[in-house]
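Subject: Structure for you to look at

Hi,

Here is the structure I promised. Please open it first, then read my notes below.

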Amino acid sequence: MAILADKKTRAVVQGLTGAAGTFHAKQMREYGTPIVGGVTPGKGGMVHEGFPVFDTVAQAVAKTGANTSVIFVPPPGGADAILEAAQAGIELIVCITEGIPVLDMVRAKRVLDSSLSSWEPSEGSQTLPRWSAAGGAGGLPTRCNLVGPNCPGVITPGAAKLGIMPGYIHKPGSIGIVSRSGTLTYEAAFQITELGLGQSTAVGIGGDPVKGMDFIDCLSLFEEDPQTKAVLLIGEIGGTSEEEAAAFIKANMKKPVAAFVAGVTAPPGRRMGHAGAIISGGKGLAFDKIAALREAGIAIAPTPADLGSTVAKLIS
Amino acid sequence: MKIHEYQAKQLLGRHGLPVPPGIPVVSRDTLDQAVRDVVSTSKSETVVVKAQIHAGGRGKGGGVKVVKGVEAARQAASQILGMRLVTHQTGPEGRVVKRLLIEEGVSIARELYAGILVDRGCGRVVVMASAAGGMEIEEVAARTPEAIVKEYVDPALGLAPFQARKLSYALGLTGTAARNATSFLQKLYQAFVALDASLVEVNPLVVTSDERVLALDCKMTFDDNALDRHPEVAALRDLDEEDPSETEARSHDLNFIKLDGSIGCMVNGAGLAMATMDIIKHFGAAPANFLDVGGGATQAKVTAAFKILTADKDVRGIFVNIFGGIMKCDIIAAGIVGAVAEVGLRVPLVVRLAGTNVEQGTKILAESGLPITTASDMADGARKVVALVKGQVS
């Protein structure tokens, strides 16, 4: 089972012929992911490293039956690439690109959320339809999930690797991982694998302030997934996604969840690498997030060296 | 990226927003002339002299003076230029004032607040206004959240006229002042989007005694991801406001932030870099920096990063924590060995390598003959570097 990526995945790579696209398309294929082609405008008709290349995502979908796209398009065209994939009927869009301007993502998200009718969220920001619920209008598919941007991607060990994570540190198992950080996800997967457990799916949701799927979207999928027995959530400073996740877990989840939040030592007002990792106006503190998660009964890993052991305890 | 108040006001002016007439001063040579020019065009002879640093609380720290006449203005300006200004945002060491804004005084009837930012929860731009101008918005939000009115913007429509009107009326404005405020908010939103800002705060937004609405102070920050398409904004960066090591790091495309601890960190990935700082703290010491060398770093980039760490006098130990994904451990190891060959090693160095090409990386370090302590995992590494810095051998 697992979530998002599985044996039915058929992926195209947008930005295939660039250096990163080429390297990772080959890596994904080596892992066993069905990469059915690539998209680079102006290079349609070529065969690149054994992959058929198309000018548009729509052509790629028509010719290959692709249902998934992994995006390596450079930042200025990143949001446009997401929209192109959505319009072509892609069900899962994984955007690896780091550095997409925030207002580009605001516009892209507006289109993907185009079924929304309210002018403002009534309580905090909870009432706008989330990405996984978007769809129907404007020629968009009824269900279109975006993961990222600025993320390592999604991996279902033994089935499909959609992104830039090293495949060999993973193995099939029962722990779901959802994380805002790339290398911290690798660290977690590695620790879990070393303990003899494995992952159902690991999702890096990315470090940008405006993005696709958030913790809650992934948590609800993990809750429904029979393969997943426990979930590890890795958060960081900035925003309120961890607090929202804590409330969601408390209200809706039966499966045990462990968590880690990076950035207790981060200074306020500074962007810590990720565009979204910033404490602003006294909001987004790691301390507050940890308190909210703990309050919801979630096991907190005391250090990043305890990611695996903390979640392992929940199912032993 | 942050800019100064005077730069923000110039940008607003270019987007048709009313700001008080003023002249920036960056050297004593032009100070006298600037003061004379502002006073000569001013109706009231009142002049405001404002220190230009990237920190709030300037008024309380003595960096803003309201005076009358050329002589008093000149005196205030020469006092503030070059002073070490300490505010609640600068830290106790303060910031040397290298730029001033000399501005015409304004007859204030009301002080309001206007702010625009991206609400990351719903992925929309939100325009906020409050009648409590001059106060910090965080304070208003904490004490009287109902005093802040908000309009969320559909990016396809922009801030609709009715939304701007709603905000103006909610501030209690009427007649000409309400019309001016409505126009101000719409232009402010347009400027925000046109410049790819991430935050604009006009605090206070003032209504004058003759019902004009203008930006008396303005703070702007920009989306770093969009600077490439706004060279005119990127050119406003003031390197005097940055730590020199951060400027150096940026020239090598490294994500680096100077902190005040004693353990230098070199890590790949932003999340792991933050977590590494945290685990150092967990074991009883403090990180000297945040440093993410990125996913695809070259050996030269690693060398540059290592040099920045060793050049920092506060650094008494270095912890390299790498989880190789795309980044290969042998590249990191070769970069470290190359840097040490060039600049030497005056502090203990602990290296933890895991992931891609870890064997080759470990071999390079071992064969270098350098006094490097290796660690099996990140807890082991953090414990070792803290012990070494504290003078206890683990």
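Two residues are in contact if their C-beta atoms, placed from the backbone, lie within 7 Å. Keep that in mind throughout.

A word on the source. This is a predicted model: local features need pLDDT of at least 70, side-chain atom pairs count only at pLDDT 80 or more, and totals for chains, interfaces and linings use all residues. Residues are numbered from 1 along each chain as its sequence is written, while chains are lettered from A and ligands numbered from 1 in the order in which they are written.

**Where the chains meet**

On chain A, 53 residues are in contact with 47 residues of chain B. Two elements of chain A give two or more residues to this side: helix H4 (102–112) and helix H5 (182–194). Helices (H or I, at least four residues) and strands (E, at least two) are DSSP runs, numbered from the N terminus. H4(A) gives the most, with seven residues. By type, the side of chain A that touches chain B has 28 nonpolar, 17 polar and eight charged residues. Here Ala, Val, Leu, Ile, Met, Phe, Trp, Tyr, Cys and Pro count as nonpolar, Asp, Glu, Lys and Arg as charged, and the others, Gly among them, as polar.

**Chain A as a whole**

Chain A holds nine helices and 14 strands. Its radius of gyration (taken over C-alpha atoms) is 19 Å. Buried residues make up 57% of chain A. A residue is buried if 20 or more other C-beta atoms lie within 10 Å of its own, exposed if 12 or fewer, and partly exposed in between.

Look for A:Ile96, in the loop between strand E6 (92–95) and H4 of chain A. Why does A:Ile96 count as buried? Because it has 28 C-beta neighbours inside 10 Å. Beyond four places in sequence, its contacts include A:Val70, A:Phe72, A:Cys151 and A:Ile164.

pLDDT is the predictor's confidence in each residue, from 0 to 100. Chain A has a mean pLDDT of 89, and 91% of its residues reach 70 or more. Over residues 115–143 of chain A, though, the pLDDT is below 50. Where pLDDT is low, the predicted coordinates should not be read in detail.

Best wishes

Methods
Rg over C-alpha atoms; globule rule 2.2 N^0.38 Å.
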